[in-house]
Amino acid sequence: MRKIIFNSLNKTRPIWRLLLFILITFLINIPLQILLQKIMLQQGLLRGYISASIYFLSVIFSLYIQIKYLDKSSFKKYGLKINKTWFKEFLIGFLIAGVQISFFFFLLYLTGNLLVMDFFTTSSFDFSFTEGLISEFFGLIVGSSVEEIFFRAFLFYTMYEALRILKKDPTKRALFIVFLMAPLFGIAHINNEGATIISTINLGLDAVMMCLPFLITGRLGMSIGMHLSWNFFQGAVFGFAISGNVAKVSVLKVSVVDNLITGGSFGVEGSVLFILLDVIAIILILKWKNHMKFNKLVNPYIIENNQSLV
């Protein structure tokens, strides 16, 4: 029985760590969300703030349990040591994604695939544009942070440990895992409104691109910045659907032709031009990497965190 739970290094096997992470998150999040629904029957911005906070804290607490009792590491390992460098990389990531989505917007506008219909619109009369914008931004911070923590950091390290025998070379193993995990990110959005095979493939490719900054720096700052900025500019600024979801507010209300170029109701990730946007981001990331004199694609810190597993 012990061998089923623990490996030869007396560490909890990756599969149990993954299941425990999900279980603890659900055991905290779901009961509190149900309680919130009973206390606050009416949907509203305040309920949205509380709901998002519960979700975020449940994930952070679950990660803390892993770090404290199973991993015996720190939040730094998972790219969450928040300092001046982290924030700088966050802002650079925010800028890169802003360039991506702005390029896409103007490309559609100039080719006649997009019309601007209105400005500063809201999805409801229950709140002002400013209130909706702040609420939208808060929700996107939570959503992008949680997805990056889970997909880019926790799942990465879990699989890195699980495949230690299959891939002995630590750098090759890290790169192999990035491509192995990529489809999961696409599949996670497969039930969203307007999802297609193209959108699922595109999100898988996007997962590879979004993992690059984490591999290079060992920090999640740039990845979270890119994820947040992409969703914010896509929905709250330019009025596109965010992976099939409509933002509460948008600076621009647009009408797009429903075709493979625009991505239709799913949004930018459903467009055949999406790979071009990722190429732009990869070029900008690699130029930044060279400017900052990061010599390796996989940061030695990531490998050093797992030397005992090799």
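This is a predicted model: local features need pLDDT of at least 70, side-chain atom pairs count only at pLDDT 80 or more; totals for chains, interfaces and linings use all residues.
## Nonpolar core

The largest nonpolar core contains 75 residues, and Phe156 and Met226 have the most contacts inside it. Helix α5, residues 129-162, is the element that gives the most to this core, with 13 residues.

Apart from neighbours within four places in sequence, Phe156 touches Phe151, Ala174, Ile177, Val178, Met181, Phe214, Leu215 and Ile302. Phe156 also belongs to the contact between α5 and α7, where Phe214 and Leu215 are among the residues on the α7 side.

## Packing of α5 with α8

Two packed helices are described by the angle between their axes and the distance between the axes. For α5 and helix α8 (residues 221-237), the axes come within 9 Å and cross at roughly 140 degrees. The two helices are therefore oblique to each other, and their crossing is right-handed.

On the α5 side the contact is made by Leu133, Glu136, Phe137, Leu140, Ile141, Ser144, Ser145, Glu147, Glu148 and Arg152. On the α8 side the contributors are Ser223, Ile224, His227, Leu228, Asn231, Phe232 and Ala236. By type, the residues of this contact comprise 8 nonpolar, 5 polar and 4 charged.

## Packing of α5 with α7

The axes of α5 and α7 come within 11 Å and cross at roughly 70 degrees. An angle from 65 to 115 degrees counts as roughly perpendicular, and α5 and α7 are therefore roughly perpendicular to each other. The crossing is right-handed.

Glu148, Arg152, Ala153, Phe156 and Tyr157 of α5 meet Ala207, Met210, Cys211, Phe214 and Leu215 of α7. The contact has 8 nonpolar residues, no polar ones and 2 charged ones. Glu148 and Arg152 of α5 take part here and also in the contact with α8.

## Packing of α6 with α7

Helix α6 (residues 170-187) packs against helix α7 (residues 197-217) at an angle of about 140 degrees, and the axes are 7 Å apart. This angle makes α6 oblique to α7. The crossing of this pair is right-handed.

From α6, the contact involves Ala174, Leu175, Val178, Phe179, Ala182, Phe185, Gly186 and Ile187. From α7, it involves Thr200, Leu203, Gly204, Ala207, Val208, Cys211 and Leu215. Of the residues in this contact, 12 are nonpolar, 3 are polar and none is charged. Ala207, Cys211 and Leu215 of α7 contribute to this contact and to the one with α5.

## Residues with positive phi

Most residues other than glycine have a negative phi, and most peptide bonds are trans. Phe120, in strand β1 (residues 114-122), has a positive phi near 50 degrees. The relative accessible area of Phe120 is 53%, and the residue therefore counts as exposed, the cut-off being over 50%.

Lys293 has a positive phi near 60 degrees. Lys293 sits in the loop between α9 (274-291) and α10 (300-304), and is exposed with a relative accessible area of 66%.

## Leu297 in the α9-α10 loop

Leu297 also lies in the loop between α9 and α10. Leu297 is partly exposed, with a relative accessible area of 34%. Leaving out neighbours within four places in sequence, Leu297 contacts Leu175, Leu212, Leu215, Ile216 and Lys289. Among these partners, Leu175 and Leu215 also take part in the contact between α6 and α7. Leu297 is 120 residues from Ile177 in sequence, with a C-alpha to C-alpha distance of 14 Å.

Pro170 is part of helix α6. At 22% relative accessible area, Pro170 is partly exposed. Outside the four places on either side in sequence, Pro170 is in contact with Tyr160 and Ile303. Pro170 and Pro300 are separated by 130 residues in sequence, and their C-alpha atoms are 9.6 Å apart.

Ile134 belongs to helix α5 and is partly exposed, with a relative accessible area of 49%. Between Ile134 and Lys248, 114 residues apart along the chain, the C-alpha separation is 9.9 Å.

Technical notes:
Residues are numbered from 1 along each chain as its sequence is written. Side-chain values use heavy atoms; hydrogens and water are left out. A nonpolar core is a set of buried Ala, Val, Leu, Ile, Met, Phe, Trp, Tyr and Cys residues joined through side-chain atoms within 4.5 Å. Buried means under 20% relative accessible area, exposed over 50%, partly exposed in between (1.4 Å probe, protein chains only). Helices (H or I, at least four residues) and strands (E, at least two) are DSSP runs, numbered from the N terminus. Contact means heavy atoms within 4.5 Å. Axes are lines fitted to C-alpha atoms, for helices over the stretch in contact, and angles run from 0 to 180 degrees between N-to-C directions. Angles under 35 degrees count as roughly parallel, over 145 as roughly antiparallel, 65 to 115 as roughly perpendicular and the rest as oblique. A crossing is left-handed if the near helix is turned anticlockwise from the far one by less than a right angle, and right-handed if clockwise. Ala, Val, Leu, Ile, Met, Phe, Trp, Tyr, Cys and Pro count as nonpolar, Asp, Glu, Lys and Arg as charged, and the others, Gly among them, as polar.
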